[in-house]
Structure formats: C-alpha cells, structure tokens
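Welcome! Take a look at the sequence and the model, then read on.

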Amino acid sequence: MGFRRHGPFQAGDQVQLTDPKNKRHTITLKEDGVFHTHKGAIPHSDLIGQPEGSVVRSSGGTQYLAFRHLLQDYTLAMPRGAAVIYPKDASMIVGMADVFPGARVIEAGVGSGALTCFLLRAVGPQGHVTSYERRQDFADVARKNVENFYGGPMDDTWRLVVGDLNDSIDEADVDRVMLDMLAPWECVDAAAKALTPGGVICCYVATTTQLSKTVEVIRDHGCFTEPHAWETLVRDWHVEGLAVRPDHRMIGHTGFLVTARRMADGVTPPPRRRRPKGTTEEL
C-alpha cells in the first residue's frame with residue numbers, strides 16, 4: 001500500500017479537479033499530459049510539483065481546485081461492472097462489523113471493488129482480504145479499480161477468486177465475512193465454517209424480502225447470535241449564515257445491513273424472550 005496520499009503532486013498521481021459548479025474530474029498526471037475541457041485546457045505540468053489544495057486555471061479562465069481524491073469520491077466515480085456499495089454503507093460495514101488492522105476478511109460478491117477498497121484500507125498491510133466473485137467480467141473490473149486506487153497489485157493483502165463461495169472457499173479462522181449478493185442466506189453455512197468464534201458475519205441486501213430471508217436463516221442456523229438489522233440514511237444540510245436548513249435532496253435507502261457474531265462450537269444460543277402483544281413491560 002505504498003500509493004502516495006500526501007505531499008506535492010507528482011507524475012502518476014491521481015488528481016481530482018473541482019470546478020466552481022462542484023463538478024469533479026479525475027485525471028492521472030503525466031509529464032506531457034493535458035486535461036481538456038470545454039472550459040479550456042490545463043497542462044499537467046501546471047499541477048506537478050504543486051501542493052494539494054492548489055488552484056489551477058484553464059486556458060479559458062476557469063479555476064479548478066486540485067486535491068487527491070478521497071476514497072468515497074473514487075468509489076462513486078470509478079468504472080462499474082456491477083452496482084457499488086455506497087460510501088455510507090461501506091463505512092458502516094467497516095465500523096459496525098469492527099474490521100480492524102490485521103484482520104482476515106472474506107468478501108463474497110466483489111462487484112466493482114468499492115467495498116474491497118474500504119476493507120483493504122481497514123485491515124492494513126498486516127491483514128488480508130479474500131474476495132469471491134462468480135462473474136469473470138465483474139472480477140476484471142474490480143481488480144482494475146482496486147489496483148488503480150492503490151497504485152498497483154495488492155498481492156500481499158488481497159486475493160481475488162473467480163468462483164462461488166460455497167464451492168471455492170478454503171479459509172478457516174477468519175475474523176469477518178461480508179456477503180453482498182442476491183441470496184446471502186445460501187452462504188451462511190459456509191460463513192459459519194470459516195469464521196473463528198467471536199467473528200462477525202455482515203450481509204448487505206437491497207430489499208425487505210431479502211432482509212427477512214437473511215435474518216431468519218442466520219437466526220435458525222444455530223451458530224450465531226441474534227442478528228441485528230438496520231439501514232443508514234444520510235442528509236446534507238445547507239448552511240449559509242443564518243440560513244440553516246436540511247438539503248432538498250438526500251441519500252435515502254440504498255440497502256439493509258445485517259450483522260451477527262459467531263458463537264463457539266457446540267454452544268446453544270439462549271432462547272429469545274419476546275414482549276407479549278398488548279403489553280409494554282419488559283420481560
């Protein structure tokens with residue numbers, strides 16, 4: 001993970017240019033490169049050697065603010081083979097599933113590689129992520145996106161397997177399993193076998209029917225704690241002087257997340273205690 005994340009811009013760096021209307025463009029700097037736009041051209045040499053946060057002007061007079069892109073910006077703008085997990089959900093997965101430095105993680109359903117980028121950053125150089133993807137075309141896009149963001153192959157910390165998780169899995173005692181697929185309940189048993197006691201399974205699903213099926217299969221499996229399900233909504237705020245109000249648009253539903261902990265082998269989970277209908281007292 002030696003990709004440059006700070007310091008003056010150099011050839012080979014990816015730079016995000018933002019115009020006055022907040023439209024963003026990502027370019028890879030080359031010694032003789034030129035960024036062309038209908039608002040004029042910007043030679044890459046105007047950026048090379050400049051610090052992040054610099055302002056460059058196109059030949060047409062438009063000013064652009066230059067930064068290295070954040071991971072959240074990259075995952076929203078990168079080429080897609082499949083739909084990506086939004087940064088708000090990827091951040092919740094990393095946080096609520098407690099993906100820690102040095103963790104061994106399995107990801108099934110790599111898609112376009114957005115979540116993979118977040119997981120690799122979270123586990124760090126001492127951790128490892130194995131990604132399973134059924135479709136070769138999705139895997140090819142994901143590999144290119146991940147290597148483009150990190151500046152090259154990630155062979156020491158990432159393994160990409162083209163195949164079904166149930167048929168191809170060969171790991172044991174892993175810390176976290178992430179399932180992002182149409183039918184994650186089909187892989188719950190494989191996840192249970194791979195996870196170490198105390199490990200976390202985290203499933204990402206789009207619909208309420210998928211959510212219900214996933215929760216019930218995890219609940220009935222017998223190796224997991226009671227599953228927890230939720231979604232995250234993000235709303236921006238407009239703040240200008242005393243004019244403070246919620247933005248007219250927001251990132252609403254994108255998907256549901258389900259997490260549960262792997263119990264020790266041979267342990268029976270305590271029976272759930274439900275609140276009877278018509279009462280408000282805790283049992």
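Helix 2 and helix 3 have axes that come within 10 Å and cross at roughly 35°. Please keep in mind that this is a predicted model.

**Helix 2 with helix 3**

- The crossing in which helix 2 passes helix 3 is right-handed.
- On the helix 2 side, Pro87, Ala90, Ser91, Ile93 and Val94 take part, and they meet Leu115, Phe118, Leu119 and Ala122 of helix 3.
- By type, the residues of this contact are eight nonpolar and one polar, with no charged residue.

**Helix 3 with helix 4**

- The axes of helix 3 and helix 4 come within 9 Å, and they cross at roughly 45°.
- Because of that angle, helix 3 counts as oblique to helix 4.
- Here too you will find a right-handed crossing, as helix 3 passes helix 4.
- Sorted by type, the residues of the contact of helix 3 with helix 4 are five nonpolar, one polar and one charged.

**Helix 3 itself**

- Why can helix 3 be called largely enclosed by the rest of the structure? Nine of its ten residues are buried, so the rest of the structure largely encloses helix 3.
- The buried residues are Ala114, Leu115, Thr116, Cys117, Phe118, Leu119, Leu120, Ala122 and Val123.
- After helix 3 comes Gly124, which has a positive phi, near 70°.

**The nonpolar cores**

- The largest nonpolar core is made of 36 residues, and those with the most contacts inside it are Val99, Val105, Leu119 and Met178.
- At least two residues of this core come from each of these elements: helix 1 (71-77), helix 2 (87-96), helix 3 (114-123), helix 4 (136-150), strand 9 (158-162) and strand 11 (195-205).
- Which element gives the most to this core? Helix 3 does, with eight residues.
- Leaving aside residues up to four places away in sequence, Val99 touches Ile93, Val94, Val105, Leu119, Ala122, Val123, Arg176 and Met178.
- Another core lies apart from the largest one; this other core has 25 residues, including Ile106, Ala194, Ile201 and Phe224.

**Cys203 in strand 11**

- Look for Cys203 in strand 11.
- Is Cys203 buried or exposed? Its relative accessibility is 0%, so Cys203 counts as buried.
- Beyond residues up to four places away in sequence, Cys203 touches Leu179, Pro184, Thr214, Ile218, Phe256, Leu257 and Val258.
- Between Cys203 and Asp170 there are 33 residues of separation in sequence and 20 Å in space, taken from C-alpha to C-alpha.

**Ala41 in strand 4**

- Strand 4 (residues 40-43) is where Ala41 lies.
- Ala41 touches Val34, Phe35, His36, Ser58 and Ser59, again leaving out residues up to four places away in sequence.
- Ala41 and Arg104 are 63 residues apart along the chain, and 45 Å separates their C-alpha atoms.

How values were computed: Residues are numbered from 1 along each chain as its sequence is written. This is a predicted model: local features need pLDDT of at least 70, side-chain atom pairs count only at pLDDT 80 or more; totals for chains, interfaces and linings use all residues. Side-chain values use heavy atoms; hydrogens and water are left out. A nonpolar core is a set of buried Ala, Val, Leu, Ile, Met, Phe, Trp, Tyr and Cys residues joined through side-chain atoms within 4.5 Å. Buried means under 20% relative accessible area, exposed over 50%, partly exposed in between (1.4 Å probe, protein chains only). Helices (H or I, at least four residues) and strands (E, at least two) are DSSP runs, numbered from the N terminus. Contact means heavy atoms within 4.5 Å. Axes are lines fitted to C-alpha atoms, for helices over the stretch in contact, and angles run from 0 to 180 degrees between N-to-C directions. A crossing is left-handed if the near helix is turned anticlockwise from the far one by less than a right angle, and right-handed if clockwise. Ala, Val, Leu, Ile, Met, Phe, Trp, Tyr, Cys and Pro count as nonpolar, Asp, Glu, Lys and Arg as charged, and the others, Gly among them, as polar. Angles under 35 degrees count as roughly parallel, over 145 as roughly antiparallel, 65 to 115 as roughly perpendicular and the rest as oblique.
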